[in-house]
Each structure stands twice: as C-alpha cells, then as structure tokens.
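Hello,

Here is the structure I promised to send over. Have a look at it first, and then read on for what turned up.

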Amino acid sequence: MLRAIYPGSFDPVTYGHIDIIKRSSKIVNELIVGVLCNKAKMPLFSVEERVKMLKEVTKDLEHVRIVPFHGLLAEFAADMEARLIIRGLRAITDFEYELQMSQTNHKLEPNVETMFLTTSIEYSYLSSTTVKEIAAFGGELSQFVPEAVAVELMKKMSTKGECNK
C-alpha cells in the first residue's frame, strides 16, 4: 500500500490545492492531507478551522484523510508510515525551495521520497495569499475557492480583514 502526505498550511484551501489533492488521491492508495500548525506563521484560520474546511471540500474523495501536524514534515511522514510526500509546483520559482526541502526531508528520513506535481494551468497563478487579499477587499471568490470556504473567509474578513481594523 502506498500512503502519501500532501502537506501545507491551507490558509485557506484553494481550488489549486483541491486539484493537487484530487490528482494525488488517484495515484496513491491513501492520501493524508497534513495541515501544518506553524507557530512562525500568523495564519488567518486556526488549525481546527482549516481541518474543518478541508474535510468539507474533500468529503466525496475516497482514501483522503485530513490530519493536523506540527514539527518536522519528515517526522510526521514517518509517524504516519507514509513513504511519499507530494508537493505542488506552480512555477519555476517554487522549484528551488521545494528541491531544497525535498533533499532535507530525504536526509532526515531516507525512506521518504518526494514527488512534485505541476499545478494545472488554470490554477498556476493561485495562492492562499492572493485569495486572502481579494477577500480583504470584498472581491468575488467563487473562481478561487469552494463556496463553503468563501463563506468562512468572508466571515473572518469581516472582523479581521486589513480594511476592517
């Protein structure tokens, strides 16, 4: 059985993330979407909120589990008995950082490999940061995130958005 981890902050989850989740889940027997709790970042959504949104948008996908984690990805992969880490690449600028992380993870856990999936062309420009900026200014979100995520994002922005201080 091939178990893989697709890690990320998912703050919030976008159609780009969902694209990688759907495609990855067809390649492996089980896909664990690892939701990172990173104290160095200042996420808009709590880990619990991000996990809830991911569970909602992946509820129809077989063999996909949503699991929060903190600490090193390589250790999380070993704890989950995953042999593969999946990372999405939007552009060449992502590659240098992802290559370095892949090599570091392999050094920490030699039995864990990394596979890169290029983002589908229709999502190659998309990032959670961009989505949050659009939401902060009241922009239309339907082409970037599922409805359930857009609702949560607009609720959050009504109290925490840049323009609503």
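Let me start with charge: the protein carries 20 positive and 22 negative side chains, and the centres of the two sets lie 3 Å apart. Here Lys and Arg count as positive and Asp and Glu as negative, while His and the chain ends are not counted; each charge is placed at NZ of Lys, CZ of Arg, CG of Asp or CD of Glu.

Please keep in mind that this is a predicted model, where local features need pLDDT of at least 70 and side-chain atom pairs count only at pLDDT 80 or more, although totals for chains, interfaces and linings use all residues. Residues are numbered from 1 along each chain as its sequence is written, and side-chain values use heavy atoms, with hydrogens and water left out.

Now the fold. The protein has six helices and five strands, in the order β-α-β-α-β-α-β-α-β-α-α along the sequence. These are DSSP runs numbered from the N terminus, with helices being H or I of at least four residues and strands E of at least two. Among contacts (heavy atoms within 4.5 Å) between residues at least 6 apart in sequence, 75% join residues at least 24 apart.

Next, the inside. Buried residues make up 47% of the 165 residues; buried means under 20% relative accessible area, exposed over 50% and partly exposed in between, using a 1.4 Å probe and protein chains only. The largest nonpolar core has 35 residues, and L31, V33, L54, I86 and L153 have the most contacts inside it. Such a core is a set of buried Ala, Val, Leu, Ile, Met, Phe, Trp, Tyr and Cys residues joined through side-chain atoms within 4.5 Å. Elements that each supply at least two of its residues include β1 (3-8), β2 (30-36) and α6 (147-160), but the largest share, five residues, comes from α2. Leaving aside residues up to four places away in sequence, V33 touches Y6, F10, I21, L54, V64, R65, I66 and V67. A second, separate core of 11 residues includes I5, F69, F76 and A82.

One more residue to look at is E49, which sits in helix α2. E49 counts as partly exposed because its relative accessibility is 29%. Not counting residues up to four places away in sequence, E49 touches L44 and K156. From E49 to M1 there are 48 residues in sequence and 30 Å in space, C-alpha to C-alpha.

Best wishes
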